[in-house]
Amino acid sequence: MSDSRRPHTGRRRNEAARRAILDVAVDLLARDDGTPVTIDTLAAAAGVGKQTIYRWWPSKGAVLLQAMAERAGTDIPVPDTGTLRGDLEAFLTATFRGAGQRLTASVLRNAMAEAQRDPHAREHMRAFAETRRNVLAGLLERARDRGEIAPEADLALMVDQVYGVLWYRILVEHQPLGDAHAAELARALSDQAAARLTGGE
């Protein structure tokens with residue numbers, strides 16, 4: 001009996017350790033207080049060994065990307081204001097605020113650089129990006145169902161416009177990601193959609 005229970009107990013213990021690591025990473029991202037984030041600090045704060053972290057993630061960047069994905073799901077709820085512009089402004093404001101934080105922006109820059117060199121890191125980046133793209137695409141599909149976006153509109157291109165701005169500003173750092181920029185981008189995209197409906201473009 002005891003032997004048959006050991007694998008299940010081990011899985012629960014492993015999942016608890018994995019959860020602790022992600023919780024610590026999310027907490028460090030949220031605090032953004034200048035605390036250096038390394039595999040050593042993550043392991044110490046989570047009460048695990050470094051090899052436990054490497055069992056699930058190839059690098060610190062991969063851990064933090066997954067933590068950011070989980071934090072985004074909590075901090076950036078999917079709005080339902082009833083209008084495309086309202087939904088876009090709420091979503092983009094929350095997204096830009098999160099991505100514009102010092103530590104988060106640094107993690108994203110480093111993760112993107114790592115993804116160019118390492119196939120495993122690239123897969124983690126693609127999974128992270130796809131998750132966030134799908135959320136925005138769902139928002140746009142709702143607007144299309146309401147008749148605010150033309151049926152033939154390229155929703156993937158609209159998503160690219162949003163994340164193109166976000167990533168360009170994170171990587172080049174020539175302009176910040178602020179609330180005013182989120183509102184202006186939401187206005188531009190909703191105006192673009194309305195113009196297409198009325199034959200304006």
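This is a predicted model: local features need pLDDT of at least 70, side-chain atom pairs count only at pLDDT 80 or more; totals for chains, interfaces and linings use all residues.
Reader: Is E173 buried or exposed?
Author: Its backbone stands out a bit, with a positive phi of about 60° although E173 is not a glycine. Buried means under 20% relative accessible area, exposed over 50%, and partly exposed in between, with a 1.4 Å probe and protein chains only. E173 comes in at 52%, so it counts as exposed.

Reader: And S190, buried or exposed?
Author: This serine is found in α9. Leaving aside residues up to four places away in sequence, S190 touches L84, R85 and L88, where contact means heavy atoms within 4.5 Å. Its relative accessibility is 10%, so S190 counts as buried.

Reader: Which residue has its backbone oxygen 2.9 Å from a polar atom of the S190 side chain?
Author: A polar contact needs N or O atoms within 3.5 Å, and within protein one must be able to donate a hydrogen and the other to accept it; sequence neighbours count only if both atoms are side-chain atoms. At 2.9 Å from a polar atom of the S190 side chain, the backbone oxygen is that of A186.

Reader: At what angle do α5 and α6 pack?
Author: α5 covers residues 84–100, α6 covers 102–117, and their axes are 5 Å apart. The angle between them is about 80°. That makes α5 roughly perpendicular to α6 (65 to 115 degrees).

Reader: Which residues of α6 do G98, A99 and G100 meet?
Author: The residues of this contact divide into 3 nonpolar, 3 polar and 1 charged, with Gly counted among the polar ones. On the α6 side, the partners are R102, T104, A105 and L108.

Reader: How many helices and strands are in the chain?
Author: The C-alpha trace spans about 70 × 45 × 30 Å along its principal axes, and 37% of the 201 residues are buried. The tally is 9 helices and 0 strands.

Technical notes
Residues are numbered from 1 along each chain as its sequence is written. Side-chain values use heavy atoms; hydrogens and water are left out. Axes are lines fitted to C-alpha atoms, for helices over the stretch in contact, and angles run from 0 to 180 degrees between N-to-C directions. Helices (H or I, at least four residues) and strands (E, at least two) are DSSP runs, numbered from the N terminus. Angles under 35 degrees count as roughly parallel, over 145 as roughly antiparallel, 65 to 115 as roughly perpendicular and the rest as oblique.
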